[in-house]
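Student: I have a protein model to look at. Could you help me read its labels?

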Amino acid sequence: MDPMTQSTQISSSQGIDGQNSAAAAKDSKPSVIDLIHWRDPKKSGVVFGLSMLLLLSLAAFSFISVASYLLLALLCVTITFRIYKSVVQAVQKSNDGHPFKALMEKDVSIPPETFRKHVDKSLTYINRALKQLSRLFLVEDLVDSLKLAVVMWLMTYVGAVFNGITVLILGDILLFAIPPIYEKNKTQIDQYIDVARTQVNSTMAKLQEKLPGTMKRSKTE
């Protein structure tokens, strides 16, 4: 076989292997969708338990206290491990060096390209949200603004019954409970959603017909 051809085949094989390895590594990372759908019960259980523990801690203590306790616990673990390894090295008369040397040598800085990428992505969502809020509060479409008013009115009752942390705790529970329930009863739930959507659209259409002509939603939009 021609040496040039053989070299090309080897390079192509290495490139394909590298792409496959990268794809496998990417697939091995648990995504948010996999976590809330309990694809891996152990990982989902750990994430759910830790998030609930954090929210319950914030409900009982201030954010500063919770953050201080967490950092203090982490510092106690690292100091204890550092002293333990030093004692073991002294007893065994070994010279293994700092136990966290591998971690200390890792580059933890954020590359400027990565930072700019996330900032640009966040800016896109922020501008989209600002445009939507401007459209709603300046009553570009009366029906959409009325929808927002109804939602805000309902939220006043929610705020009177629950505080922010309680809402977050309920949201965390629903986030991990609804997806698996929906997957098991997808057909029935979709039927109810379609019925509800039809009723809402019918009500909105009737309301729109009763509005003055200048306030109706433009058919061309």
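Tutor: Start with a definition: buried means under 20% relative accessible area, exposed over 50%, and partly exposed in between (1.4 Å probe, protein chains only). This is a predicted model: local features need pLDDT of at least 70, side-chain atom pairs count only at pLDDT 80 or more, and totals for chains, interfaces and linings use all residues. Residues are numbered from 1 along each chain as its sequence is written, and side-chain values use heavy atoms, with hydrogens and water left out.

Student: What makes Phe 176 count as buried or exposed?

Tutor: Its relative accessibility is 7%. Buried means under 20%, so Phe 176 counts as buried.

Student: Why does Trp 38 count as partly exposed?

Tutor: Trp 38 has 29% relative accessibility. That value falls between the 20% and 50% limits, so Trp 38 is partly exposed.

Student: Why is the pair of Trp 38 and Phe 176 called edge-to-face?

Tutor: Rings of Phe, Tyr and Trp (its six-membered ring) pair if their centres lie within 6.5 Å; planes under 30 degrees apart count as stacked, over 60 as edge-to-face and the rest as tilted. By this rule the count is five aromatic pairs. Trp 38 and Phe 176 are 6.0 Å apart centre to centre, with 75° between the planes. So the pair is edge-to-face.

Student: What does this pair tie together?

Tutor: Trp 38 sits in the loop between α2 (32-36) and α3 (41-60), and Phe 176 in helix α8 (residues 164-184), so the pair ties together parts 138 residues apart in sequence. Helices here are DSSP runs (H or I, at least four residues), numbered from the N terminus. Trp 38, Phe 48 and Phe 176 form one aromatic cluster.

Conventions. Helix = DSSP H or I, 4+ residues; strand = E, 2+ residues; numbered from the N terminus.
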